Amino acid sequence: MPPFIASLQREWQRLRACRWDWAMVSWVPLLSMALMCWIFSAGQPYKLPIAVWNEDHSSMSRQLVRMLQATPGLEVVHSVLNPAEAADALQRMQVYGVVHIPPGMERDVTRGGAATVTLMHNAQLATASSLLQRDLQQVVGTLSAGAEMQARAKRGDPHQALQVRMEPITTKLVALFNVSTNYEQFLAATLVPALVHILAMTAGVWCVGRELRDRSLGAWLQASSSGLDTLAALLGKLAIPAALLWGSGMLCLLYLAQLRGWHVAGSMGWIAVGLAALVGVSLAAGAVLAAVTLSLRTALSGAGLLSAPAFAFSGVGFPLLSMSASARGWALAMPYTHYARLQMEQWQMGAPVAQTVPVVGGLLLVTLVLLALATWGLQRARTLPERWGGR
């Protein structure tokens, strides 16, 4: 029997015999990706809880509180009376921020003076913090402009002149992609392949590493008399995890594109090709780690070290161009960084396929190199039976 077919049948039998191995490449990845999609299904964070420390108790301060409550992104859930209560609410994570309205705010504004509304928040929670700042600035700006326009109108200024004087220079913000700033579109869609990358590298380690752990490497490769036979046997072993993990990832991406309504501006087929290349390079990298280290435990540790931080270095969460030179070099050495670029260009930007062809070509080239290294490692491992059985 050809080495590829023999290895494929052997792997299928082993997966059927061990339900946990089967789960690792079948329903567990699918469940994990479904959970990821469910987490971000809300799309945008709404009703972030805040507290108000109102020391003015005037009609203007009450209007400000009503405007805060009416803002979709905010929800006033507490009213605190002093700094101690404000600090306690923040430290207990009951609220994300405390809005302080100073005493005498309406009096100072009516007399033509200035008043400062303060937001106390935890900037460690960067997303919630930025959303609170944005919404509070909009609310206070609207209230302030309304108060100023009323004051000028009482002095007889024309209505049209008021609008120009209040905002002589305006800005126009044009969002080209992800116009609604929806977290499901840019986070869930990129976290799914990141999870596929982690699981595929882990599966590559496990498929090869368990043969070493169980001292069955010789039985697996007994019909492989040459390097090409060993490569064929390796491809047969990785074929089932590759198909299952790629299929799970594509199901989730199709769910986001079809059922959740996130229209793909470019080619979904090319995204599928890119994801297949990412799965291939991830499985090959895991196989190399197991074949070279001859230790399942060491290889699994290496897989976690290389794949787990991939999303953080991809440029999706933190700007790639703002990283230090060393961090950017590490990011560009990771295959997921390049796949994330391909997916964003195809999904949201509608870039020409020719623009991302080098990404797929590079991933396939790296896959071939890693498969060659894994084949060499397996050939070497066959001559070292005393190293088999290590954990």
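These legends describe close-up views of a predicted model.

View 1. Strand 3 (residues 97-101) and strand 4 run antiparallel, with 4 bridges between them. Gly 97 stands opposite His 121 of strand 4.

View 2. Strand 1 is mostly covered, with 7 of its 7 residues buried. Leu 48, Ile 50, Val 52 and Asn 54 point one way from the strand, while Pro 49, Ala 51 and Trp 53 point the other way. Both sets are buried. Lys 47 sits in the loop between helix 3 (27-39) and strand 1. Its phi is near 55°, a positive value in a residue other than glycine. Lys 47 counts as partly exposed because its relative accessibility is 40%.

**View 3. Met 67 in helix 4.** Met 67 belongs to helix 4. With a relative accessibility of 21%, Met 67 counts as partly exposed; the cut-off for buried is under 20%. Setting aside neighbours within four places in sequence, the contacts of Met 67 are Val 139, Thr 142 and Leu 143. Met 67 and Pro 102 are 35 residues apart in sequence, and their C-alpha atoms are 17 Å apart in space.

**View 4. The two ends of helix 5.** Just after the helix comes Met 93, with a positive phi of about 60°. Met 93 is in the loop between helix 5 and strand 3, and at 48% relative accessibility it counts as partly exposed.

**View 5. The largest nonpolar core and Trp 347.** In soluble globular proteins, nonpolar side chains tend to be buried together. The largest nonpolar core here has 97 residues, of which Leu 234, Leu 253 and Trp 347 touch the most other members. Helix 9 (residues 183-213) gives the most to this core, with 18 residues. Apart from this core lies another, of 7 residues, among them Trp 53, Val 80, Ala 89 and Val 95. Beyond four places in sequence, Trp 347 is in contact with several residues, including Ala 189, Leu 253, Leu 256, Trp 262, His 263, Met 268 and Ile 271.

**View 6. Gln 346 in helix 15.** Gln 346 is found in helix 15 (residues 335-349). Gln 346 counts as buried because its relative accessible area is 0%. A polar atom of its side chain lies 3.1 Å from the backbone oxygen of Ala 351. With neighbours within four places in sequence left aside, the residues in contact with Gln 346 include Val 264, Ser 267, Trp 270, Ala 351, Pro 352, Val 353 and Thr 356.

View 7. A search of the whole structure finds 0 disulfides. The sulfur of Cys 37 has its closest cysteine sulfur in Cys 252, and the separation of 4.7 Å is too far for a bond; a disulfide needs sulfur atoms within 2.5 Å. Cys 37 is buried, with a relative accessible area of 4%. Cys 207 is likewise in no disulfide, and the nearest cysteine sulfur, that of Cys 18, is 11 Å away. At 3% relative accessibility, Cys 207 counts as buried.

Terms used
Residues are numbered from 1 along each chain as its sequence is written. This is a predicted model: local features need pLDDT of at least 70, side-chain atom pairs count only at pLDDT 80 or more; totals for chains, interfaces and linings use all residues. Side-chain values use heavy atoms; hydrogens and water are left out. A nonpolar core is a set of buried Ala, Val, Leu, Ile, Met, Phe, Trp, Tyr and Cys residues joined through side-chain atoms within 4.5 Å. Buried means under 20% relative accessible area, exposed over 50%, partly exposed in between (1.4 Å probe, protein chains only). Contact means heavy atoms within 4.5 Å. Two strands pair if DSSP finds at least two bridges between them. A polar contact is a pair of N or O atoms within 3.5 Å; within protein, one must be able to donate a hydrogen and the other to accept it, and residues adjacent in sequence count only if both atoms are side-chain atoms.
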